[in-house]
Amino acid sequence: MMKKSIEDISIDGKIVLVRCDFNVPMDEQGNITDDRRIRSALPTIRYLQKHQAKIVLMSHLGRPKGNPDKKYSLEPVSKHLSLLLGSEVLFSEDDLVVSDKTKKNVKEMKKGEIVLLENMRFRKEETENDPDFSKELSSLGEIFVNDAFGSAHRAHASTAGIAEFLPSVSGYLIKKELDIIGSALENPERPFTAILGGAKVSDKIGVIRNLLNKVDTLIIGGGMAYTFLKAKGYEVGKSILEEDKIQLAKSLYDEAKAKNVKLLLPEDVVVAEEFKNETKFKCVQKDKIPSDLMGLDIGSQTIDMFREEILQSKTIIWNGPMGVFEMTNFAKGTEAIAKALAESTAVTIIGGGDSAAAVEQMGFADKMTHISTGGGASLEFLEGIELPGVAALDDKE
Ligand code: AMP
């Protein structure tokens, strides 16, 4: 069922509550170190400004555990947002998030003005999805716009619960995420390749299952590849291994075969003595992993093989690093995949989290079709799970 978006509802001059995902990384001094999530909210905010709405922004930041904690105040975000927009964003400092003071601030707003509320997670009712808190929030405005893709997989008071009390639509960011990832999944230009990496198979079982029904090729790298290699009978030494998932890896491998999906595993890997950057390492074939070493990256032959597959694909989704990319000696595989994607002319979609960070760090962000703002949310979407923050929105007739 299609959901209503901000364009399907009259917002002119109305008080519009917008749930954003301003959960941005900050350094010790409270400086924002990556503002992509804030920039991603600008199209919705600008549209609302153009329509002379009174804009009340909501977000969470970090995990203050249901209590006010200055360290997690959204005030720095209001300042940064003001700069980006070139118009003032009033920050409603309020330990209770919606006290009389905030109600007054909102009541006094003029058309086109913007107020940012304090961190939703200063109230424990937020993550409890408490209907009383949702109602309290909803009393501030007339329309709810959800634009927090990064939080759409959580049923919280300000992401899902609030939709019970107000006409509710998606903003441009959620719409874009759903449109791009959704159309890749439902109607991809083929060949369609998914690249999965990261530490564990157990985190991605649902994603693999769902993608096996969609893709032509599934590439598996990162730590999770070792459980698959073990399932194929190779010894993996001290590499990360999920013993209890070996059987499952075997059955996923068989399922891929039955569905005619090409499943690619590393042919060679970089093995190291210790789990740290300054250690001895070398590249070995997959059937020659020494018992006392651990695989921390894909090898050069594997890079070439994955790269070739990428360059032949027309649609590519990538989630999870190919190795321990936080350590420079074991980042080569992840960097090579990012580079291959940047060079490809395919539709390239980067699921948030580590792969998004790698692409950004390498300066390839503008070479990708889409970098998702939600790691967890994009994974659940790839799993085929309906996101609560989307499900709660009004259906399009
Ligand atoms: P995830 O959060 O599941 O996407 O996993 C990301 C983490 O997987 C990163 O912190 C990587 O360092 C880690 N990782 C990737 N490859 C390996 C590997 N071969 N061994 C151990 N950890 C890995």
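This is a predicted model: local features need pLDDT of at least 70, side-chain atom pairs count only at pLDDT 80 or more; totals for chains, interfaces and linings use all residues.

Reply: The domain assignment places domain 1 at residues 6-173 and domain 2 at residues 181-382, and their contact draws on eight residues from domain 1 and eleven residues from domain 2.

Me: How much area is buried between domain 1 and domain 2?

Reply: The size of an interface is often given as the accessible area lost when the parts come together. Here about 810 Å² is buried between the two domains, with carbon and sulfur atoms giving 56% of this area. On the side of domain 1, Arg36, Phe149 and His153 supply 71% of the area buried against domain 2, more than any other three residues.

Me: How many salt bridges are there between domain 1 and domain 2?

Reply: A salt bridge requires the side-chain nitrogen of Lys or Arg to be within 4 Å of a carboxyl oxygen of Asp or Glu. The count between the domains is one salt bridge, and Arg36 pairs in this way with Glu360, their closest N and O atoms being 2.7 Å apart.

Me: Which residues come nearest to the ligand?

Reply: Among the 16 residues around the ligand, Ala199, Gly223, Gly295, Glu326 and Asp354 come nearest. An N or O atom in the side chain of Glu326 is 2.4 Å from an oxygen atom of the ligand, while a polar backbone atom of Gly295 is 3.0 Å from a nitrogen atom of the ligand. Taken alone the ligand exposes 500 Å², and the protein buries 79% of that.

How values were computed
Residues are numbered from 1 along each chain as its sequence is written. Side-chain values use heavy atoms; hydrogens and water are left out. Domain bounds come from an automatic or database domain assignment. Contact means heavy atoms within 4.5 Å. Buried area is the accessible area (1.4 Å probe) that two parts lose on being put together, summed over both. A residue is near a molecule or strand if one of its heavy atoms lies within 4 Å of it. A polar contact is a pair of N or O atoms within 3.5 Å; within protein, one must be able to donate a hydrogen and the other to accept it, and residues adjacent in sequence count only if both atoms are side-chain atoms. Accessible areas come from the Shrake-Rupley method with a 1.4 Å probe; for residues, only the protein chains shown count as cover.
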